[in-house]
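Me: I'm new to this structure and would like to learn how to read it. Could you take me through it feature by feature?

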Amino acid sequence: MIRPDPGRTDRLPAGLSAGSPAGGRPRPRPSTGAPQGPHREIACDESGSEGEKLVGGNTKVFAHAGLGLDVESAAACMRAVRDRAPSPTTEYKAFILLRSKHRQARAWLLGPSGPLLGNAHVYLIDKAFFVVRTVIELLPADGDDPADLAAAFYREGQGALGHARWTAFLAACNDLLRTRNGRGPGVSVEEVFHLVESLRTAGVGGPTGAVMDRLAAARPLVEAFRARLLGDPPQMPVLDPLVPAIVQAVDRWAEGDGVLSIVHDRQTMLTDERIAQLRAHPVVRRGSAHGRLADVRLVDSRTDPRIQVADLLAGAARKIAEDELDGRGDAELTELLRPYIAPASIWMDGFGPARAG
């Protein structure tokens, strides 16, 4: 099973102080205000990002890695990886390390003899579970724990509805909750609730039947939420995995009254507007009058070895996690990954027929 290390008492593994930035990168976006406290810089990259398309895409898992190594240490790490998993390519990417013949290199990178343990974290999202959890959070309170209901529904939904109807439900909800980014309205509220009603009348009981009943009764709330989501100005997307990933990176690395700068691989979703929204997020602002996210710099990964290492970590984590979801996990690699996993990851243990019991 993939789960955070239960022995940890902090939110994520302890990291190093920020390393010195590499030269030649774009200048940081100016911060608003004048945040005080210790300053740290980390490098981040992701694997499995498909925007808000979480169902029916190319990947089942989103992984976002944060790295606390300095530039020199990261460059040494990349040299060591190339020695263990050689490739003639100029730009060394995660897909090379993920080749089956390089399994031992992945084990070294994650393991106690590698440079990352204690100096990095990974935030994981099971994309389908993210959709389910977001749907459940729309329902009015009914005396139960939304997290427990989401877990029970996710655990039993496919078995209760069958693969085709379960997938259709997830895809419809995913489409309903997307901001669309100018691509049109997508699925209508009417279409989604027609599907919900057909599932309600199918005689399904248990958590799945309860969710369908409550979702049907919550249609006015869903319609209002959809209107806000598509309003002007638009809300922050609720299904873009980068949003909680960046928030959790700040919460992990900007300790106390400290502030964080993030050097991130180029990512079209991280616009100036989105970064401003992230800086205003309550978790990002917590404990600081000016906020804990100083700036986000988007750079070409070829210019910064820290991002190259973050790419390797994110790619390895996503592959290990997807293998777990598919019931063909590598026990050793899963155990090596566990200390890196952010406790706030959107992930649930114990689901899937290959992992039952």
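Me: How many bridges join strand β1 to strand β4?
Reply: Here is the general idea: strands of a sheet pair through backbone hydrogen bonds, either parallel or antiparallel. In this predicted model, β1 (residues 39-47) and β4 (residues 259-265) run parallel and are joined by 6 bridges. To find one of them, go to E41, whose bridge partner in β4 is S261.

Me: In what order do the strands of the sheet come?
Reply: Read across the open sheet of 5 strands and you get β3-β2-β1-β4-β5, with mixed pairing. β3 (120-126) and β5 (293-299) each have a single partner strand, so one side of each has no neighbour in the sheet. On average, neighbouring strands are turned by 20 degrees against each other, direction ignored.

Me: Which strands does helix α13 lie across?
Reply: Helix α13 (residues 305-325) lies across β1, β2 (61-67), β3, β4 and β5. Against β1, α13 runs at about 45 degrees.

Me: Now helices against helices. At roughly what angle do α5 and α6 cross?
Reply: The axes of α5 (residues 146-161) and α6 (residues 163-176) cross at roughly 130 degrees and come within 6 Å. That angle is why α5 counts as oblique to α6. On the α5 side, F153, Y154, G157, Q158, A160 and L161 take part, meeting H163, R165, W166 and F169 of α6. Sorted by class, this contact has 6 nonpolar, 3 polar and 1 charged residues.

Me: Which helix gives the most to the lining of the second largest pocket?
Reply: That is α4, with 6 residues. Both α4 (127-138) and α10 (242-253) supply at least two lining residues each. The volume of this second largest pocket is about 510 Å³. Of its 22 lining residues, F130, R133, E137, P244 and I346 are the closest to the centre. By class, the lining has 16 nonpolar, 4 polar and 2 charged residues.

Technical notes:
Residues numbered from 1 in each chain as written. Predicted model: local features only at pLDDT ≥ 70, side-chain atom pairs only at ≥ 80, totals over all residues. Heavy atoms only, no water. Axes fitted to C-alpha atoms, helices over the stretch in contact; angles between N-to-C directions. Helix = DSSP H or I, 4+ residues; strand = E, 2+ residues; numbered from the N terminus. Parallel < 35°, antiparallel > 145°, perpendicular 65-115°, else oblique. Contact = heavy atoms within 4.5 Å. Nonpolar A, V, L, I, M, F, W, Y, C, P; charged D, E, K, R; others polar. Pairing = 2+ DSSP bridges. 1 Å grid on protein atoms, 1.4 Å probe; cavity = no way out; pocket = protein on both sides within 12 Å on 5 of 7 lines; lining within 4 Å. Points joined across faces, edges and corners; volume = space filled by probe spheres on them.
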